[in-house]
Amino acid sequence: MNGPNLTTRSKRKEPPHAVDNRHPKHHRPNGDLSSGGDNTPDRPDEFEPPYEEYDDHDPRLSALLPAGPDTAEWQATIQKVVKNVVSIRFCQTCSFDTDPALTSEATGFVVDAERGYILTNRHVVGAGPFWGYCIFDNHEEVDAYPVYRDPVHDFGILKFDPKAIKYMPVSALPLRPDLAKVGVEIRVVGNDAGEKLSILSGVISRLDRNAPEYGDGYSDFNTCYYQASAAASGGSSGSPVVNIDGYAVALQAGGRADGAATDYFLPLDRPLRALKCLQEGKPITRGDIQCQFLLKPFDECRRLGLTPEWEAQVRKAFPKETNMLVAEIVLPEGPSHHKIEEGDVLIKVNGELLTQFIRLDEILDSSVGQPVKLLLLRGGEEVEVEIEVGDLHKITPDRFVSVAGGSFHSLSYQQARLYGVACKGVYVCEAGGSWRFDNSENGWLIQSVDHKKTPDLETFIEVVKNIPDKARVVVTYKHLRDLHTLNTTIIYVDRHWSKKMKLAVRNDETGLWDFSNLADPLPPVPPVPRKGSFIQLEHTSHPAVADLVRSFVHVTCTMPVKLDGFPKNRKWGMGLVIDADKGLVVISRAIVPYDLSDISITIADSIVVEGKVVFLHPLQNYAIIQYDPKLVDAPVLSAKLSSEEITQGASTYFIGYNRIGRIVHAATTVTEIFAVTIPANSGAPRYRAVNVDAITVDTSLSGQCGSGVLVAQDGTVQALWLTYLGERNPTTHRDEEYHLGLATPTLLPVVKQIQAGIVPKLRMLSVEFRAIQMSQARLMGVSEEWIHRVSLANTSHHQLFMVTKRTFEREEQDGAAALLEGDVLLTLNGKIITKISDLDVMYSHEYLDAVIVRDCRELSLRLPTVAAHDVETDRAVSFCGAIFHRPHHAVRQQISKLFSEVYVSARTRGSPAYQYGLAPTNFITHVNGKPTPDLQSFLDEVVKIPDNTYFRLRAMTFDSVPWVVTMKKNEHYFPTVELIKDPTEECGWRRVTYEGGRVIEGEGPDGVVAPAGESTDMDVEAGMCD
């Protein structure tokens, strides 16, 4: 696979650690088109191992390649073969069955030039929606789509239009499975990501090894594989394995992960049959009895009960065979259940002595719906059973339903075989939106919804259809790895951001998945008042402190679309009620980052009400949200906020929410109050607190709690204990969070305005300050007189503040009347600034009279402040799987120049944006040569682009590196959507879809659920608002 843009599953590459007999598949993630610049890397996912590739100088290859150049005969063969080999670049647009959403590259080869059929691997074609194209040896490009993917074996067939190839003759590579023999010299001819031809040599050493297992996810089974020493590299999945006569004798599929130069090839018997069926217009029947067999040598078969008499007969009939077929896994409730047992040795099928998978496949494929007779040896005893052959296609899902941000389909035979469970149930292939359970891993089976059993997909659809929007229902589910444990959770059903319940059905004629709307949402049930009572804190010496639990509420915030670089989709924490009569709650902005969200507020652990955002502070890391107090029949207490600053060394009482949502408390002492500098996240700028004082306390509980308060003995809240979102750790790839206190006096002006029904319109200085000590201030040119005045003004902290970073403002300020980096601030409006809280004067003044020191000179400036109430994102566009909006405040805090008002904030895995390397933190300046200085001009241009055609984007990286990306538009899976903040809408945002030249108010007919997950790539979540 190509470049650092790796996929999330080890099945597409080497596993996290080298394990014998685990084999990587060889397609490549698409990453060499990523943009330049250190701030726009395509990082691997969390816990992603590095991908190992072999280059032409790898010593492991030199031992395998011929000592000299190929003979003239081989050279002539290779020249003929390479014209049939294509590079396949593709997207699997959403998670389905064993496959995650991904973009990647692999290889295929033409097997029917007249009809345009290409043979490649099944793990390339995938089980779900596929969108891709092929590049021929002369670099002509043509669209391709799947017409067949085998339910079990690792091959699939793509179709292209041969007439689209104009500059070279297209010929087919003949399939000759009969020519694969031990000792045959072969070449693996792969098109290495369309950049260079990869030709590797080897010799077939085995024809009878079992199919390689790839761990969790897709694996082939019930077939033999060939083994050779070829050391094929990433990108070679689907390569033809050819002999000296130019015939394809096998299909490249996988290789060892432990450095051994060993590769595994799929026999071509079943691909050849499937191809002939397609050519003749016949259905490709596939039969199965839901039993996995393995090839086991005679010595092991003897231990399992193979008698000398039967061994003699088998050896006589098949003198070159050393293995027999032995039952390994029998699926419960399948055709073989109670008839075949694990360890049974297969002797005959329909009276025919049999030792090979190929012949077993032939019999089963031709007997769908009919019985077959099997003669087995079980512990030395002969057992004859009759089993009806099932239709393999019927237990392979070809449809999925998307609702409330999640996607579901029937459990596949692949998953059932992997875990040895019955092939039935509703499988969660995309656990997003409302269906994001506590554990984010895949493999969940839904057991019931709203106290109704959901044994199959049809029942599940009927149950969910009848659940109103915004309902909270009980869901039970199990994991495939642990069917003994029944998990129970309560979900909030979101049918307002994603209104439609969509059914996607595979169409092998067009290669697309056709979408239809199964049901529109039922309106939410009007909320009714609920009663509740609060817990009582025990072992507290001060009743007023204990009483404060009546001010605590639990807040959960779910973000259906990722904006502003925020890395998570769901956060929870404790909020503090500051006005029970009006239902006002204050909470960290690390919990409620923006207002395109669903907020649930739980009061007294029993009453759940809806919340909405009232105010977001641009700098101080808090938000104010509101609920309807008429729905709450509980003795909620308005917390009293202190107007006096808490001091270092002061005794206080800490009450917090720990990691499991329990209230903990302890008497403690304030250890430090300091001007905190939260590190900026260079990979994807997102909200962070600046110009704010932080408080630390002397208790271990402070590190365990992300939410809480510091309380005086009389119950007055002296500080909020908040979570501050920091940078992403480059080693662990986790987002750092800091737990610190924020003194309450700074909140009071804003709270009073909101209580009075006034929307706060704050002003601010567009700079970031850092505290400096007097020794540094002296070197910066601050006079001794000012140093003395500072020591008198603040006896506990002798400090001043220096400008470390300017926030870029769209309306350029006069340089003479603006603060610059390196300026030392002495006074604002006549007051010496020695504490961060002294800066709060800026929030209420349009101009500030300042005295500063610049370049060792004392200056008096009249500083203009800028409006702070319009810095939040109020419009976004989703296009080709990427989210675009105005550069948010965090971007302007970290950049010295805006290249345009079109900023890439996030992208979806499996999308064109991901495939072509359009990374978050890029700015778009032109579309097809037309300038796009703002979001409206960008939208006007991209809407004009016809579907499935290429266009050019001129972009600028965060590090000021210009580049051009060419992309192909895909409206079927990734329609263009505009999100507009609109207070008249119930959820506060309006959605407009642009699809097929039409403008649709609300959600369009097509489109997949975006993949879930957190990453530096800011994966876009499912659903948006109508």
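Trainee: Which residues of helix 6 are buried?
Mentor: Good place to start, and keep in mind that this is a predicted model. Helix 6 runs over residues 308–317. A residue counts as buried when its relative accessible area is under 20%. In helix 6 that holds for Trp 310, Glu 311 and Val 314.

Trainee: Why do the buried residues of helix 6 line one face of the helix?
Mentor: An α-helix has 3.6 residues a turn, so residues three or four places apart point the same way. Look down the axis of helix 6 and you can check where its buried residues fall. They line one face because they sit within an arc of 100°.

Trainee: And which exposed residues are on the face turned away from that buried side?
Mentor: Here we need the opposite cut-off, since exposed means over 50% relative accessible area. On the face of helix 6 turned away from its buried side, the exposed residues are Pro 308, Glu 309 and Lys 316.

Trainee: How many of the residues of helix 7 are buried?
Mentor: Find residues 357–365 in the structure. The buried ones include Phe 357, Ile 358 and Leu 360, and also Asp 361 and Asp 365. Helix 7 is largely enclosed by the rest of the structure, because its buried residues number seven of the nine.

Trainee: Which residues touch the most other members of the largest nonpolar core?
Mentor: That core has 63 residues, and at least three come from each of domain 4 (530–756) and domain 5 (766–864). Val 709, for example, touches Leu 548, Phe 552 and Trp 721, among others. The members with the most contacts to other members are Leu 576, Ile 624 and Val 709.

Trainee: What separation do the C-alpha atoms of Ala 675 and Asp 693 have?
Mentor: Ala 675 belongs to strand 40 (residues 663–676). Beyond its neighbours within four places in sequence, its contacts include Val 692, Asp 693 and Phe 801. Along the chain, Ala 675 and Asp 693 are 18 residues apart, yet the separation of their C-alpha atoms is 4.4 Å.

Note on methods:
Residues numbered from 1 in each chain as written. Predicted model: local features only at pLDDT ≥ 70, side-chain atom pairs only at ≥ 80, totals over all residues. Heavy atoms only, no water. Buried < 20%, exposed > 50% of the residue type's maximum accessible area, 1.4 Å probe, protein only. Helix = DSSP H or I, 4+ residues; strand = E, 2+ residues; numbered from the N terminus. Arc of directions from axis to C-beta. Core = buried A, V, L, I, M, F, W, Y, C linked by side-chain atoms within 4.5 Å. Domains from an automatic or database assignment. Contact = heavy atoms within 4.5 Å.
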